[in-house]
Amino acid sequence: MAAAKGACLNHVSRESTDIKRLAQFYIDVFGFEQVESPKLEFETIWLKLGSSLYLHLIERDPNTKLPEGPWSAMSAVADPKNLPRGHHICLSVSNFDSFVQTLKEKGVEVHEKTQPDGKTKQAFFFDPDGNGLEVSSQSPVQ
């Protein structure tokens, strides 16, 4: 039996040297809205999508030794074609084709593929900080 009961995703966090730029990307591309965030000893912007997906953008600590993202990690992922096997967050969208077209119009490099079932379309791309993202034409299986 699992130790956790009633576990569910609370939030995803992304560290950035420019949280305002990153927030604007998620607001413009996915429709996140900015919500109140606590006053901490570092800058944060909290975003919300729908009723339950929260994204916490955190000012990068220049003293950490963590990689800044895929671009500076030991095995850099510089091509969205590599993202299906790399770290990424996936969001489902109901307007897949027009969404992908909008990404391309914004100059975002996109790798598109279709699941073997022939029904589920996928698009892989990076946010401005190099974090991997996927959009899917299908909702997750319940």
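Two strands pair if DSSP finds at least two bridges between them. Strands (E, at least two residues) and helices (H or I, at least four) are DSSP runs, numbered from the N terminus. Keep both rules in mind for this tour.

**Before you start**

This is a predicted model: local features need pLDDT of at least 70, side-chain atom pairs count only at pLDDT 80 or more, and totals for chains, interfaces and linings use all residues. Residues are numbered from 1 along each chain as its sequence is written, and side-chain values use heavy atoms, with hydrogens and water left out.

**Stop 1: colour by confidence**

Colour the chain by pLDDT, the predictor's confidence in each residue, from 0 to 100. The mean for the chain is 83, and 83% of its residues reach 70 or more. Now select residues 71-77. Here pLDDT stays under 50. The model has 13 contacts (heavy atoms within 4.5 Å) beyond four places in sequence for this stretch.

**Stop 2: the open sheet**

In what order do the four strands of the open sheet stand? The order is β1-β4-β3-β2, and the pairing is mixed. Strands of a sheet pair through backbone hydrogen bonds, either parallel or antiparallel.

Select β1 (12-16) and β2 (33-35). These are the edge strands, and each pairs on one side only. Neighbouring strands of this sheet are turned by 30 degrees against each other on average, direction ignored. Axes here are lines fitted to C-alpha atoms, for helices over the stretch in contact, and angles run from 0 to 180 degrees between N-to-C directions.

**Stop 3: β1 against β4**

Zoom in on β1 and β4. They pair in the parallel sense over five bridges. Walk along β1 and look across to β4:

- V12 stands opposite L55.
- S13 stands opposite H56.
- E15 stands opposite I58.

Now show the side chains of β1. In a regular strand the side chains alternate between the two faces of the sheet. V12, R14 and S16 point to one face and are buried. Buried means under 20% relative accessible area, exposed over 50%, and partly exposed in between (1.4 Å probe, protein chains only).

**Stop 4: the β3-β4 hairpin**

Select β3 and β4. This pair is antiparallel, over six bridges. I45 stands opposite L57 in β4. The hairpin has three residues between its strands. Click on G50: this residue takes a positive phi near 65 degrees.

**Stop 5**

Turn to α1. This helix lies across β1, β3 and β4, running at about 10 degrees to β3.

Next, select Y26, F30 and F125. Within the largest nonpolar core, which has 26 residues, these have the most contacts. Such a core is a set of buried Ala, Val, Leu, Ile, Met, Phe, Trp, Tyr and Cys residues joined through side-chain atoms within 4.5 Å. At least two of its residues come from each of α1 (19-30), β3 (44-49), β4 (53-59), α2 (96-105), β7 (121-126) and β8 (132-136). Which element gives the largest share? α1 does, with seven residues. In soluble globular proteins, nonpolar side chains tend to be buried together.

**Stop 6: salt bridges**

Side chains of opposite charge can pair when their charged atoms come close. A salt bridge is a side-chain nitrogen of Lys or Arg within 4 Å of a carboxyl oxygen of Asp or Glu. By this rule there are four salt bridges. Visit three of them.

Select R21 and D129. Their side chains meet at 2.0 Å, N to O. R21 is in helix α1 and D129 in the loop between β7 and β8, 108 residues apart. R21 is partly exposed at 35% relative accessibility, whereas D129 is buried at 13%.

Select D97 and K121. This salt bridge spans 3.0 Å, N to O. D97 lies in helix α2 and K121 in strand β7, so the pair ties together parts 24 residues apart in sequence. D97 is partly exposed at 49%, and K121 is partly exposed at 33%.

Select K104 and E112. Their side chains meet at 2.7 Å, N to O. K104 is partly exposed at 41%, and E112 is partly exposed at 39%.

**Last stop: S136**

Select S136 in strand β8. Is S136 buried or exposed? S136 is buried, with a relative accessible area of 7%. Leaving aside neighbours within four places in sequence, S136 is in contact with C90, L91, S92, V93, F96, T120 and K121.
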